[in-house]
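Let's take a walk through a protein together, beginning with the whole and ending with single residues. Keep the picture open as you read, and look up each residue when it is named.

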Amino acid sequence: MEKRSYGVIILNYNTSDDCKKAIKSIKDCATTDDYMICVVDGGSSKEGEVDAVRALSKNDDHVISLILADNKGYAFGNDEGFRAIKAHCNTEYTVIMNPDVIVNTKGTIEGI
């Protein structure tokens, strides 16, 4: 199994625009390409939201999308994201990040 230094879980519920910005900020501030981001959609109800979340991972080796059938809460969604990351790669650290967080300093997540 592929090894990555860290994973980032972002839980989405009708916030794919924010998720897109958060992902970009992670990528822009990463000092390594040794990471995996998992966007977990917790049963979004907004039209087109699930497709937008799926598009976040299209042709991107650093992002996976996990679509849950319904919203079972914050902890459940993050647990599922953790399982999804572990199914794709072996990470040493995992960070849970809200979709409205913007990383603006190089090496922030690596420094955590």
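Below, we start with the overall build of the protein and then visit a few of its residues.

Please keep in mind that this is a predicted model. The protein contains 4 helices and 4 strands. If you follow the chain along its sequence, these elements come in the pattern β-α-β-α-β-α-β-α.

Now for the overall dimensions. The C-alpha atoms fill a box of roughly 35 × 30 × 25 Å along the principal axes.

Next, consider how the chain is packed. Of the 112 residues, 43% are buried.

Let's zoom in on the aromatic rings. How many aromatic pairs does the structure hold? There is 1 aromatic pair. Its partners are Tyr6 and Tyr35, whose rings are 5.8 Å apart from centre to centre, with 20° between their planes. This pair counts as stacked because its planes are under 30 degrees apart. Tyr6 sits in strand E1 (residues 3-12) and Tyr35 in strand E2 (residues 35-42), so the pair links distant parts of the chain, 29 residues apart. Are these two tyrosines buried or exposed? Tyr6 has a relative accessible area of 4%, so it is buried. Tyr35 is also at 4% relative accessibility and therefore counts as buried.

A residue in contact with both tyrosines is Ala30. You will find Ala30 in the loop between H1 and E2. With a relative accessible area of 14%, Ala30 is buried, because the cut-off for that label is under 20%. Leaving aside neighbours within four places in sequence, Ala30 touches Tyr6, Tyr35, Lys106 and Glu110. Val8 is 22 residues away from Ala30 in sequence, and their C-alpha atoms are 12 Å apart in space.

Now go to strand E1 again, where Asn12 has its place. Asn12 has 0% relative accessibility, so it counts as buried. Setting aside residues up to four places away in sequence, Asn12 touches Cys19, Val39, Val40, Asp41, Gly42, Ser44, Glu49 and Val53. Lys106 is 94 residues from Asn12 in sequence, and the C-alpha atoms of the two are 24 Å apart.

Asn71 lies in the loop between E3 and helix H3 (74-88). At 46% relative accessible area, Asn71 is partly exposed. Apart from residues up to four places away in sequence, Asn71 touches Tyr13, Gly42 and Gly43. Gly42 is also among the residues that Asn12 touches. Along the chain, Asn71 and Ala84 are 13 residues apart, while 17 Å separates their C-alpha atoms.

Most residues other than glycine have a negative phi. Asn14, however, has a positive phi, near 60°. Asn14 lies in the loop between E1 and helix H1 (16-29). Asn59 has a positive phi too, near 55°, and is found in the loop between helix H2 (49-56) and strand E3 (63-68). Asn59 is exposed, with a relative accessible area of 77%.

Our last stop is Ala87, in helix H3. Is Ala87 buried or exposed? Its relative accessibility is 58%, so Ala87 counts as exposed. Look also for Met1: Ala87 and Met1 are 86 residues apart in sequence, yet their C-alpha atoms are 8.8 Å apart in space.

Notes:
Residues are numbered from 1 along each chain as its sequence is written. This is a predicted model: local features need pLDDT of at least 70, side-chain atom pairs count only at pLDDT 80 or more; totals for chains, interfaces and linings use all residues. Side-chain values use heavy atoms; hydrogens and water are left out. Helices (H or I, at least four residues) and strands (E, at least two) are DSSP runs, numbered from the N terminus. Buried means under 20% relative accessible area, exposed over 50%, partly exposed in between (1.4 Å probe, protein chains only). Rings of Phe, Tyr and Trp (its six-membered ring) pair if their centres lie within 6.5 Å; planes under 30 degrees apart count as stacked, over 60 as edge-to-face and the rest as tilted. Contact means heavy atoms within 4.5 Å.
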